[in-house]
Structure formats: structure tokens, C-alpha cells
Amino acid sequence: MEKHHIELHNEKLQADHQRRFDFIVSEYAHVEEVISKLIKFQLAIPSWAIGTGGTRFGRFSIGGEPRNLEEKIYDIGLLHQLNRASGAISLHIPWDEINNSHAIKALAAHYDLHFDAMNSNTFQDQQGQVYSYKFGSLQHVNKAVRQQAIEHNIEVIHQGKALGSESLTIWLADGSCFPGQLNFRRAFQNTLESLQEIYAALPDNWKMFIEYKAFEPNFYSATVGDWGQSLLYANKLGAKAYTLVDLGHHLPNANIEQIVSLLLMEDKLGGFHFNDSRYGDDDLTAGCMKPYQLFLIFNELVEGMDAKGTDHATGLGWMIDASHNVKDPLEDLLQSVEAIMLAYTQALMVDRHALTIAQQENDVVRCQEILQHAFRTDVRAIVQEARLRKGGAAQPLALYREQQIRKKLINQRGSKTVAIGL
Ligand code: PSV
Ligand code: MN
């Protein structure tokens, strides 16, 4: 998008914004401190979320979907130009085909994007693959299948190195569908040994994220089914291995904020996949169902990171993992980024000193008041101010619509394009 479109849009909205921003500044003493943190904070966009998502019942293309990695980078570059908070991309191999890593790296740099975690895929069989992952990959009873999956992960590390990525996310579909199908201990040991081989190939400055998920596609057991199992692997593997929390991967009503707090305490929280859900791994827009939970999670993140002196922006891998059946995926990602920035801002505004005192005094009512006061504060002008100072658009979604971006993408790419992914 041309810069003057953003400038014109911002000028139109400036007076209104200034009024709302001045009000919040008059209410809070630490707004500038919060803004300096927001300016640094960036979220990684998953390459697989740029196309319309589907369910096992169908998929409805919105048109203009990216046909290759270059076009995905273009789309994420556009999001970043609008909100200046999505300056990273997370790739999924082999859904993303990297023909020339030098050119891809240069293209991403052109849009001010860097490469966050690389994702391997041993949950689908690829064309020409010798062994099937039908009964698992790193856990498989057959060493040859495990070896194939190990080699794929090592190949993903190599591809990531060439792009400047510094982490590998491993999500395994491994598990079992029926009681008796699997020897749990053997599956765990096989998985651990496989992970150890991958870990041995990890560069010194890399992190390995082990993503857990309670169920799906297996419906009886998952070999990395919860944060306890993920933490077991991470602890056994070593200092470069961490747990990755995907918000949609828990059993109903799990207290995710407590999980986050304890993982941080153990220095084993590596990163996040943000999304929201009502039933299972729904992959809905962050903050669309349970915004208070998102805030409570950020509240623990901020408290836990500050307790350790961890840099908020760089200490963890901040990624979105969502996929949408009925929305324009780019609009949806703008909404997710905004929801995450709002929750983070509200968490930064919690009166931590007062909360600690109230906790010490067992003043339960006061504790709740303090948290809900921050949650109920309208911080949109703060997030907007940070975005404006970074050169972004006052209202990214509104500008996206004003500029009829989807229509332009359809004109360029056609109405029948389907991005590769789930
Ligand atoms: C699995 O449900 C997951 O959350 C993992 O992160 C995968 O890489 C991604 O979704 C695939 O869509
Ligand atoms: Mn995920």
C-alpha cells in the first residue's frame, strides 16, 4: 500500500484519536512506559493462516489467496505495514516451498519481516514419502519411520537456518485412537529418543518448542498431550528445549494462566500459539470468545517475565495459530493482533504493587477489583498511539476495507486460488 494512503487515513482520524489519548494519559501516569513496550512487541503470523481455513466438511475460498510463499510474504508485509505489530512470519514445511532461501530472506527483509519458528510436519503423508505416519511419526514402533520423521525435522532446521530463523516448533499428531493400541511408555521413550536426535542437530542459538495438544487427530491418547508431558520432554532434552502453549490445545476449562505461570517459573515456557475457542481446537480469532482469559494469561506472562527480568518482546516466541472458514483471513489476523495487543496493554496496566499487597492480606475482593479495573479500562487509544508512532494506520481494519484490498488481490490472483495448508 502506498504510504500516502496511510497518512491521509491517519490525518482524518487524528483529532478524534488525540482526544481519547489525552484522556487516558490524564488517567494513568505510566502510559509512555507502556507505549515503549508496545512499540517493541511483535507477533509472528503463521504462513498457513493467510488462506481461508477449512473444516473436514469443506473449504470455501475467499479468492485472491496467496499461491506461493512469495505471495504469503507479500500479504503478511501488508498486515505489518498496517499495524506495525506483525513483523514476523512462521513457516510450515513442506506447506511452504522455499526454492531460493536467499531471495525469500531478501523479500521478507524488504517488508521488514523476519522468520520466527519453523514448523515441521509429520502429521501428513507427503507425495513420494517412503513410510506412512498413519500410526505416528517420532513415536512409531518402526525405527525406519521414526528415522524418516527425524530427518524431516533436521531438514526443516537447515531450511530455517538459511532464513535466519532461530527456533523449531514440533507438534506431533502422535498418539492412539483406541485403548490398547499403544504401549504408553514405549511411545514416550521412542518419542524422546527421536527428539534427542533432532535436538542434537539444533544450532547453539536455537530453541526447540514442543507443542502439546490434548486430542485430535487421535482421540484416546496423545503422546505430547499436555503441558506435563511436554515439560517432561523439555527437561530431559536440555536447556534449548521448551514447552509451547497453543491456547486451543487444552481440555475444557483448563486454567491456562496457571500453566503459563509455572512454566515461566521453571524457565521452560518457550512460546505461544494464540487463538480462541469455545469447544476444542477451534482456531478462532484471538480474544473473540474469552477476552478475559486472554487478559489473565497476559497478566501472568507480564508478572512472570518481570520476576525473571525477561525482555517481553524477545523472551518468548509470540505466534498466532488460527485458521478461518468464514472470514477474510487478513481481516481476521488484523483482529487477532489487535486483541492480543489490547490484552497485553491491559496486563501492563495492572497495579502490581497494590495486587501484591492485596494478595498478602488475603483481600480477595481487592485482588479481583485490581485485575478487573485494568481489564475494564479502554486501552484502545494507547495501542493506536503506539501503532501511529511506528508509522502504522490509525485503524488498520478500516483502512484495509477502504482500500478494497481483497478485491485487488482477487483481481491480481484470481477468485479460485487456494493457499496450501490444512
Ligand atoms: C495443531 O493443531 C497445530 O496447532 C500445530 O501448531 C500445527 O502446526 C498447526 O496447528 C497446523 O495447522
Ligand atoms: Mn498450534
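Trainee: Where is the place of glutamate 216?
Mentor: Glutamate 216 sits in the loop between β8 and β9. Helices (H or I, at least four residues) and strands (E, at least two) are DSSP runs, numbered from the N terminus. Before we go on, this is a predicted model, where local features need pLDDT of at least 70, side-chain atom pairs count only at pLDDT 80 or more, and totals for chains, interfaces and linings use all residues. Residues are numbered from 1 along each chain as its sequence is written, with chains lettered from A and ligands numbered from 1 in the order in which they are written.

Trainee: What is the phi of glutamate 216?
Mentor: Most residues other than glycine have a negative phi, and most peptide bonds are trans. Glutamate 216, though not a glycine, has a positive phi near 80 degrees. A cis peptide bond also links glutamate 216 to proline 217, with omega about 5 degrees. Proline 217 lies in the loop between β8 (207–211) and β9 (221–222).

Trainee: Which residue does a cis peptide bond join to proline 94?
Mentor: That's isoleucine 93, and omega there is about 15 degrees. Look for proline 94 in the loop between β4 (88–92) and α4 (101–110).

Trainee: How do I check a helix, say α3?
Mentor: Compare its length with the expected span, which is 1.5 Å times one less than its number of residues. Helix α3 (residues 69–83) has 15 residues and should span 21 Å; its end C-alpha atoms are 21 Å apart, so the two agree.

Trainee: How many residues of α3 are buried?
Mentor: 12 of the 15, so α3 is largely enclosed by the rest of the structure. Among them are Leu69, Ile73, Asp75 and His80. Just after α3, arginine 84 takes a positive phi of about 50 degrees.

Conventions:
Buried ≥ 20, exposed ≤ 12 C-beta atoms within 10 Å, placed from the backbone.
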